[in-house]
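Here are my notes on this model, point by point. Please read them with the structure open.

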Amino acid sequence: MSPPKTVAIIVAAGQGLRSGSALPKQFASLTGRPMLAYSHAAFSSHPGVDSALVVIAAGQETLLSEALGDVPFVIGGETRRDSVRNGLEAFAAEAPDRVLIHDAARPFLSAAVIDRLLAALDSDAGAIPALPVADTLVRHDGSLGETVSRDHLYRVQTPQAFRFAEVVAAHRNWPAHKDATDDAQMVARSGYNVSIVEGDPMLEKITHPSDFAVAEARHAATLRVRTATGYDVHRLVESEELWLGGLLIPHDKGLSGHSDADVALHAITDALLGTIADGDIGMHFPPSDPQWRGANSAQFLQHAASLIAAQGGIIDFIDLTIICEAPKIGPHREGMRSRIAELLQLDPGQISVKATTTERLGFTGRGEGIAAQAVATIRIAAR
Ligand code: MG
């Protein structure tokens, strides 16, 4: 028997007016990535989820492609319920077994929550993640009333998981004029059992501007620091331009190599790849591949940064040392810091550029080549 086919729908059709952001909040930056990117990555990387569909509002197509590139999407409706319905109908023809319905405003979705939900669908038509209510609850109707028992009270989160046939039938049969707070209510009212699995404090909904800072702090607490080094050497020859630290520098010689041979950007690229233990620059951009002949090394650096971002990592600091007798690096130091910062979408304060000679000793001392070494410090989710 083949494993059940499971799809995910991310509802991201809101205009996000309460968040105070110029962008709808699902596209706003959260620790350097669009909020929507986190839950999309959680579904895309989960082995039990076969495909993820994003529901956006009409007119948000460009925002979506800027946030996630070319991903499947449908346009939502007037209400959240209409948007979910459009997502479900988009999958109806392929009749998946299970569907996870999620709000983009809950970005920090763990594989463990998805696992618990899918396991619950073995016995129930629906499952929702929820946390017990911890605060004291009271009634207040102008004056303070009685305390409400917290027994059997839960705060409901998303994703909500359902057997596909049951939830699509619940949506199709639900009277248009009747309110429903969420999909779980609709499935339960249609006569099916919906169970509760343990939710996750990381799944708190982001609604107001102040929620962003709280969510970023909560996310940061889950990250661990990693450092890695990179080292590179290229030969100086008379017939080449000198690209160094992302700048074209006037000099009587230039660095020779398959690409533009920017030894400084190569060292930083290797340091960044080292932080995620993802090989080295030669593995990602083989010198044997003609497409990298004369290539601008900025793209190597940005590729390494994108691999870190794809894992939710944050680059904190780059320390670069260039080792040569000439040219003098001092006059170009600030330009290199600005250019490297620009390429990595960092602040120049996060980039250090140092230089040293080797007292005329060795190949750098004789002016035969330039060496560079770099240390990268990032934060990334502990694994
Ligand atoms: Mg190199």
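How many residue pairs are in polar contact across the interface of domain 1 and domain 2?

1. Polar contacts between the domains. The rule finds 3 residue pairs in polar contact across the interface of domain 1 and domain 2, with both partners at pLDDT 80 or more. That threshold matters here, as this is a predicted model. The search for salt bridges across the interface of domain 1 and domain 2 returns 0. On the side of domain 1 that touches domain 2, the residues split into 2 nonpolar, 2 polar and 1 charged.

2. Domain layout. The protein chain falls into domain 1 (6–221) and domain 2 (223–381). Their centres, taken over C-alpha atoms, are 42 Å apart. Contact between them involves 5 residues of domain 1 and 7 residues of domain 2.

3. Interface area. The size of an interface is often given as the accessible area lost when the parts come together. Here domain 1 and domain 2 bury about 480 Å² between them. Carbon and sulfur atoms account for 48% of that area. Within domain 1, the residues that lose the most area to domain 2 are Arg33, His219 and Ala220. Together these three make up 68% of what the domain 1 side buries.

4. Magnesium site. Which protein atoms are donors of the magnesium ion? They are Asp232 (OD), His234 (NE2) and His266 (ND1). They lie 2.1 to 2.3 Å from the magnesium ion. The sequence spacing of the donor residues is D-x1-H-x31-H. Asp232 and His266 link distant parts of the chain, 34 residues apart. Asp232 sits in strand β13 (residues 223–237), and His266 in helix α8 (residues 263–275). Note that water is not among the atoms, so the site may look incomplete.

5. Salt bridges. Side chains of opposite charge can pair when their charged atoms come close. The whole structure holds 12 salt bridges. One of them joins Arg80 and Asp183, with 3.1 Å between the closest N and O atoms. This pair also links distant parts of the chain: Arg80 is in helix α3 (residues 80–92), Asp183 in helix α6 (residues 183–189), and 103 residues separate them.

6. Backbone points to check. Most residues other than glycine have a negative phi, and most peptide bonds are trans. Where are the exceptions listed here? The bond between Thr158 and Pro159 is cis, with omega about 10 degrees. Pro159 lies in the loop between β10 (154–156) and β11 (160–163). A cis peptide bond also runs from Ala326 to Pro327, with omega near 5 degrees. The loop between β17 (314–323) and α11 (333–344) contains Pro327. Ala261 is not a glycine, yet its phi is positive, about 65 degrees. Ala261 is in the loop between β16 (254–256) and α8.

Methods: Residues are numbered from 1 along each chain as its sequence is written. This is a predicted model: local features need pLDDT of at least 70, side-chain atom pairs count only at pLDDT 80 or more; totals for chains, interfaces and linings use all residues. Side-chain values use heavy atoms; hydrogens and water are left out. Domain bounds come from an automatic or database domain assignment. Contact means heavy atoms within 4.5 Å. Buried area is the accessible area (1.4 Å probe) that two parts lose on being put together, summed over both. A salt bridge is a side-chain nitrogen of Lys or Arg within 4 Å of a carboxyl oxygen of Asp or Glu. A polar contact is a pair of N or O atoms within 3.5 Å; within protein, one must be able to donate a hydrogen and the other to accept it, and residues adjacent in sequence count only if both atoms are side-chain atoms. Ala, Val, Leu, Ile, Met, Phe, Trp, Tyr, Cys and Pro count as nonpolar, Asp, Glu, Lys and Arg as charged, and the others, Gly among them, as polar. Donors are N, O and S atoms within 2.8 Å of the metal (3.2 Å for Na, K and Ca); water is not among the atoms, so sites may look incomplete. Helices (H or I, at least four residues) and strands (E, at least two) are DSSP runs, numbered from the N terminus.
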